[in-house]
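I am opening a notebook on this structure.

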Amino acid sequence: MFDFSGKVVVVTGAGGLICGAMARAFAQSGAKVAALDLNGDAVKKLADEYLLKVREITSPKNATVHIMGEQTFLYSMLHRLQKAGYKCMASTTKRIVKFDEENRKITTFNFERFREYESFA
């Protein structure tokens, strides 16, 4: 596990299974976590609000933002964060599907690596 002590991590889609687990993992690794979730159609307005939240807790020179989630919101948020000077990262997971002895499907996701988003700003 990585040590994220003193780092700020923004996880969008944190109401979902995968992103919720990621938010908890980052918190357990010492990060300050802004766990966010999208409800509704006001994507641009919400992205502006989240950018303000990120600015309240850190500056671009002190943070790398891990961002993932619903694609329309992700693009809006990524564009705003990069324009404000924040470095943004995505994470890659490996999906593992197994079946137990009663033929129930069990799906797990294992962290693979981080990668930096190319600049959209």
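**Entry 1: the chain as a whole.** I start with a term: a residue is buried when its relative accessible area is under 20%, exposed when it is over 50%, and partly exposed in between. The model I am reading is predicted. The protein chain has 121 residues, and 36% of them count as buried.

I then listed the elements. I found three helices and five strands in the protein chain. Read from the N terminus, the order is β-α-β-α-β-α-β-β.

I also looked up how far apart in sequence the contacting residues lie. I took contacts between residues at least 6 apart in sequence, and 55% of these join residues at least 24 apart.

**Entry 2: strand 1.** I asked myself how many residues of strand 1 are buried. The count is five of five, so strand 1 is mostly covered, with buried meaning under 20% relative accessible area. Next I checked which way its residues point. Val8, Val10 and Thr12 point one way, while Val9 and Val11 point the other way. In a regular strand, side chains alternate between the two faces of the sheet.

Strand 1 has a partner. It runs parallel to strand 2, residues 32-36, and five bridges join the two. Within this pair, Val10 stands opposite Ala34 of strand 2.

Entry 3: Three of them form an open sheet in the order 3-4-5, with mixed pairing. Strand 3 and strand 5, residues 105-116, are the edge strands, and each pairs on one side only. On average, neighbouring strands of this sheet are turned by 25 degrees against each other, direction ignored.

I noted a general point on pairing. Strands of a sheet pair through backbone hydrogen bonds, either parallel or antiparallel. Which sense joins strand 3 to strand 4, parallel or antiparallel? The pairing of strand 3 and strand 4 is parallel, over three bridges. Here Val65 stands opposite Cys88 in strand 4.

Strand 4, residues 87-99, and strand 5 run antiparallel and are joined by 11 bridges. I looked up two of the partners in strand 5. Ser91 has Phe114 as its bridge partner, and Thr93 has Phe111.

**Entry 4: the hairpin turn.** Strand 4 and strand 5 form a hairpin with five residues between them. I stopped at Asn103, which sits in the loop between these strands. Its phi is positive, about 65 degrees, although Asn103 is not a glycine. Most residues other than glycine have a negative phi. Asn103 counts as exposed because its relative accessibility is 59%.

Entry 5: I began with Ala90, in strand 4. Why does Ala90 count as buried? Its relative accessibility is 4%, and the cut-off for buried is under 20%. I listed its contacts, leaving out residues up to four places away in sequence. Ala90 touches His66, Ile67, Arg113, Phe114, Arg115 and Tyr117. Ala90 and Ile67 are 23 residues apart in sequence, yet 5.7 Å apart in space, C-alpha to C-alpha.

Ser91 is also in strand 4. It counts as buried because its relative accessibility is 15%. Beyond its neighbours within four places in sequence, Ser91 is in contact with Met22, His66, Met68, Phe111, Arg113 and Phe114.

Arg113 lies in strand 5. At 48% relative accessible area, Arg113 is partly exposed. Neighbours within four places aside, its contacts are Ala90, Ser91 and Thr92. Arg113 and Lys94 are 19 residues apart in sequence and 9.7 Å apart in space, C-alpha to C-alpha.

**Entry 6: a pocket.** Which residues line the second largest pocket? I wrote them down: Phe4, Lys7, Val8, Val9, Phe26, Asn62, Ala63, Thr64, His66, Met89 and Phe114. I sorted the lining by type and got seven nonpolar residues, three polar and one charged. Strand 1 (8-12) and strand 3 (64-66) each supply at least two residues of this lining.

Methods:
Residues numbered from 1 in each chain as written. Predicted model: local features only at pLDDT ≥ 70, side-chain atom pairs only at ≥ 80, totals over all residues. Heavy atoms only, no water. 1 Å grid on protein atoms, 1.4 Å probe; cavity = no way out; pocket = protein on both sides within 12 Å on 5 of 7 lines; lining within 4 Å. Helix = DSSP H or I, 4+ residues; strand = E, 2+ residues; numbered from the N terminus. Nonpolar A, V, L, I, M, F, W, Y, C, P; charged D, E, K, R; others polar. Pairing = 2+ DSSP bridges. Axes fitted to C-alpha atoms, helices over the stretch in contact; angles between N-to-C directions. Buried < 20%, exposed > 50% of the residue type's maximum accessible area, 1.4 Å probe, protein only. Contact = heavy atoms within 4.5 Å.
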